[in-house]
Amino acid sequence: MLKIEHKDYEALRLHGEETYPHECCGVLLGQMDGDVHSVASIARCGNTRTDSPQNRYNIDPRELVRIQREGRERGEDIIGFYHSHPDHPAQWSPTDLAEAHWFGCSYVITSVEKGKAVLTNAFELTGSDENDKKLTDEKVEVS
C-alpha cells in the first residue's frame, strides 16, 4: 500500500498537467514498513529524454543521487517514482516495466488527458531480478 498526503498527491498530479504534452517525472521519498510505503515528500525531476519526451522519461542519475542524499539527510529513503502518461491510461507500459529497476519500490502513473490529470494509479515492482520482475497493482491511500 502507498500512503501519501493529499498535498503531495495533488503536487505530482499538477506536475503532470504543467509538463503536458510531455511526461513529467519525480521521486517519492519516505519510509517502507513491510508492504506499506509512506511518502514523506516528493521531488520533482526534469525529464531528460529529448527523443520522445511525450511518451518516455528519464531522470538524470546525478539528480537522482542528489535527491537520495538530501532525502537521507532528512531520514527519508527513495521509496518510489512517479511519471505521467499524456493522453494515455494510468497503466504501466512494456517500456515502463523494462526501465523499472528499483525492486520493492512504488511506481505511480497519472493519466493526463488534454492537459488535465484524470486518474492516478500505483504499482509495486516485485520479483527478485530482471528475469522475473513485474509491476503489480498497489492500493493508494490519500490522507
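Q: What does the accessible surface of the chain come to, and how much of it belongs to carbon and sulfur atoms?
A: The accessible surface is about 7400 Å², and carbon and sulfur atoms hold 50% of it. Such areas come from the Shrake-Rupley method with a 1.4 Å probe, and for residues only the protein chains shown count as cover. This is a predicted model, in which local features need pLDDT of at least 70 and side-chain atom pairs count only at pLDDT 80 or more, while totals for chains, interfaces and linings use all residues. Residues are numbered from 1 along each chain as its sequence is written, and side-chain values use heavy atoms, with hydrogens and water left out.

Q: How many helices and strands are in the chain, and in what order do the elements run?
A: Helices (H or I, at least four residues) and strands (E, at least two) are DSSP runs, numbered from the N terminus. This chain has 3 helices and 8 strands. Read from the N terminus, the order is β-α-β-β-α-β-α-β-β-β-β. The radius of gyration of the chain is 14 Å, close to the 15 Å from the globule rule for 143 residues, so the chain is as compact as a globular protein of that length. That radius is taken over C-alpha atoms, and the rule is 2.2 Å times the number of residues to the power 0.38. Along the principal axes, the C-alpha atoms fill a box of roughly 35 × 35 × 30 Å.

Q: What share of the residues is buried?
A: Buried means under 20% relative accessible area, exposed over 50%, and partly exposed in between (1.4 Å probe, protein chains only). Of the 143 residues in the chain, 43% are buried.

Q: What share of the contacts joins residues at least 24 apart in sequence?
A: A contact means heavy atoms within 4.5 Å. Taking contacts between residues at least 6 apart in sequence, 63% join residues at least 24 apart.

Q: Where do the buried residues of α1 fall, seen down its axis?
A: An α-helix has 3.6 residues a turn, so residues three or four places apart point the same way. Helix α1 covers residues 6-19, which is 14 residues, and reaches 20 Å from its first C-alpha to its last, close to the 20 Å expected at 1.5 Å a residue. The expected span is 1.5 Å times one less than the number of residues. Asp8, Tyr9, Leu12, Arg13, His15 and Gly16 are the buried residues of α1. They fall within an arc of 145 degrees, so they line one face of the helix; the arc is that of the directions from the helix axis to the C-beta atoms.

Q: Which residues does His15 contact, beyond its neighbours within four places in sequence?
A: His15 lies in helix α1 and counts as buried because its relative accessibility is 5%. With those neighbours left aside, His15 is in contact with Cys24, Cys25, Arg44, Cys45 and Tyr82.

Q: Is His85 buried or exposed?
A: His85 sits in strand β4, residues 77-86. With a relative accessible area of 8%, His85 is buried. Beyond four places in sequence, His85 contacts Glu23, Gln91, Ser93, Asp96, Ile109, Thr110, Ser111 and Val112. The side chains of His85 and His83 are joined by a polar contact of 3.1 Å. A polar contact is a pair of N or O atoms within 3.5 Å; within protein, one must be able to donate a hydrogen and the other to accept it, and residues adjacent in sequence count only if both atoms are side-chain atoms.

Q: Where is Asp51, and which side chain does its side chain meet in a polar contact?
A: Asp51 lies in the loop between β3 (36-45) and α2 (61-73). Its relative accessibility of 56% makes Asp51 exposed. The side chain of Asp51 makes a polar contact of 2.8 Å with the side chain of Arg49. Asp51 and Ser38 are 13 residues apart along the chain, and their C-alpha atoms are separated by 34 Å.
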